[in-house]
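Let's take a walk through a protein together, starting with the whole chain and ending with single pairs of residues. Keep the picture open and turn it as you read.

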Amino acid sequence: MMEKSNLKNIRGQIVYSEKEILLGLKMMERLDKVTDMMLFLLEHRNLYFSYILMSADDKNLKAILRKEKRETDLLLPIDVDQNLYVIICQETKIEGGYRFSERLIRKLEVEEESKHQHHCAVLTVSSLKHSFRQIIFHLLDIYISQRNDKTRQAQITLRTI
């Protein structure tokens, strides 16, 4: 039987745990239709968008996200038990997604006096060359890679595709 520490890399391919694969399936289920709609808007109106996938141990995360998001942003639960949510921000490039994420983490750390780990993955979609599944995989991949890095209390990982 393979040890957990050996899951990182086998024969040059990344191997995911059962928990990570199940998280990916939840993401695909929750983000399927909205991603399809956002890709349509990108194609027909050149409306790029960013995903901000965020988790925190703070009980007030959902309320803070709801309060801080803009009217044009969509807030969707991915896994309520893990306190994991995604905000889809229209007309937001990587820099705007980063600044918004910084503000959210600062609010959690300062105003909520949180000492917990905060993880935030920002993925900007500005091209139609990726399918819905590829987009979700990129989001899952950057989120998992930073969750496995326990060196910092708050972390924002960025990618544009």
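First, a word on what you are looking at. This is a predicted model, in which local features need pLDDT of at least 70 and side-chain atom pairs count only at pLDDT 80 or more, while totals for chains, interfaces and linings use all residues. Residues are numbered from 1 along each chain as its sequence is written, and side-chain values use heavy atoms, with hydrogens and water left out.

Now for the layout. The protein chain has four helices and seven strands; helices (H or I, at least four residues) and strands (E, at least two) are DSSP runs, numbered from the N terminus. Starting from the N terminus, the order of elements is β-β-α-β-α-β-β-α-β-α-β. The chain has 161 residues, and 45% of them are buried. Here, buried means under 20% relative accessible area, exposed means over 50%, and partly exposed lies in between (1.4 Å probe, protein chains only).

How does the chain meet itself? Take contacts, meaning heavy atoms within 4.5 Å. Among those between residues at least 6 apart in sequence, 73% join residues at least 24 apart.

Let's step inside. The largest nonpolar core has 29 residues, and Met27, Leu31, Tyr51 and Leu53 touch the most other members. Helix 1, strand 3 (49-56), strand 5, strand 6 (118-125) and helix 4 (132-147) each give this core at least two residues. A nonpolar core is a set of buried Ala, Val, Leu, Ile, Met, Phe, Trp, Tyr and Cys residues joined through side-chain atoms within 4.5 Å. Leaving out residues up to four places away in sequence, the partners that Leu53 touches include Met27, Val86, Cys120 and Leu139. Another core, of 17 residues, lies apart from the largest one, and among its members are Tyr85, Ile87, Leu104 and Val122.

You will find Val86 in strand 5 (residues 84-90), and Val86 is buried because its relative accessible area is 0%. Beyond residues up to four places away in sequence, Val86 touches Leu31, Tyr51, Ile52, Leu53, Leu74, Leu75, Leu76 and Ile78. Val86 and Val122 are 36 residues apart in sequence, and their C-alpha atoms are 9.6 Å apart in space.

Next, look for charged pairs. The whole structure holds eight salt bridges, each a side-chain nitrogen of Lys or Arg within 4 Å of a carboxyl oxygen of Asp or Glu. One of them joins Asp79 and Lys26, with the closest N and O atoms 2.6 Å apart. This pair links distant parts of the chain, as Asp79 is in strand 4 and Lys26 is in helix 1, 53 residues away.

Arg99 and Glu95 meet through their side chains at 3.6 Å, N to O. They are separated by about one helical turn, because they are four residues apart in helix 3 (residues 94-111). Asp141 and Arg159 also form a salt bridge, with their closest N and O atoms 3.6 Å apart. Asp141 lies in helix 4 and Arg159 in strand 7 (residues 154-160), so this pair ties together parts that are 18 residues apart in sequence. Asp141 is buried at 17% relative accessible area, while Arg159 is partly exposed at 26%. Finally, a network of salt bridges links Glu68, Arg103 and Lys107.
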